[in-house]
Amino acid sequence: RKLMAEPTLMTRMLTFDRDNIPDEKAAELKLIVEDPDLTADKVAQVSVTAKNLCLWLNAIDHYARAKQNLRPKQAALQQAQEALQRARANVEAKNSELTSVEARMRKLKEDHETATQTV
């Protein structure tokens, strides 16, 4: 009740940084959400506002769990993107080398043609 009476509660909920929930807080949230006495239906008997807060907590919990499941995938993606960037840089360097070799080949060909024409 004290929390729901707080005048800045709605603003705090709207600006809540759901992308950076510390693991300890996520664990605490999980305990609250899994409490059988704090289901939305049971809380609704006491207060509609409390029910909505309960639903919001459930949504944040689901989001935190999904985000936690994504962390390894995001790390793998980051590593793959870095590997791709290195590979692209390597390809660019090799293309530069190839251009240089092709220019040298043209020069040698021209020199050969010039040398065989004068003989």
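Which residues make up the largest nonpolar core? In this predicted model, the six are Ile21, Ala26, Leu29, Val33, Ile60 and Ala64. A nonpolar core is a set of buried Ala, Val, Leu, Ile, Met, Phe, Trp, Tyr and Cys residues joined through side-chain atoms within 4.5 Å. Buried means under 20% relative accessible area, exposed means over 50%, and partly exposed lies in between (1.4 Å probe, protein chains only). The most come from α2, with three residues. In soluble globular proteins, nonpolar side chains tend to be buried together.

Because the model is predicted, local features need pLDDT of at least 70 and side-chain atom pairs count only at pLDDT 80 or more, while totals for chains, interfaces and linings use all residues. Residues are numbered from 1 along each chain as its sequence is written, and side-chain values use heavy atoms, with hydrogens and water left out.

Helix α2 spans 23–33. Helices are DSSP runs of H or I with at least four residues, numbered from the N terminus. Within α2, Ala26, Leu29 and Val33 are buried. Seen down the helix axis, the buried residues of α2 fall within an arc of 60°, so they line one face; the arc is that of the directions from the axis to the C-beta atoms. Glu24 and Leu31, on the other side of α2, are exposed. The cover over the buried residues of α2 includes α4.

The largest pocket holds about 620 Å³ of space. A pocket is an open set of points on a 1 Å grid over the protein atoms alone, where a 1.4 Å probe fits, with protein on both sides within 12 Å along at least five of seven lines; lining residues have an atom within 4 Å of a point. The volume is the space filled by probe spheres set on the points, which are joined across faces, edges and corners. Leu3, Leu29, Ile32, Trp56 and Leu57 lie nearest the centre of the largest pocket. Among the elements, α4 (48–118) gives the most to the lining, with seven residues.

| Lining of the largest pocket | Number |
|---|---|
| Nonpolar (Ala, Val, Leu, Ile, Met, Phe, Trp, Tyr, Cys, Pro) | 18 residues |
| Polar (the others, Gly among them) | two residues |

Arg18 sits in the loop between α1 and α2. Arg18 is partly exposed, with a relative accessible area of 43%. Not counting residues up to four places away in sequence, Arg18 touches Ile60 and Tyr63, where contact means heavy atoms within 4.5 Å.

Notes. Helices (H or I, at least four residues) and strands (E, at least two) are DSSP runs, numbered from the N terminus.
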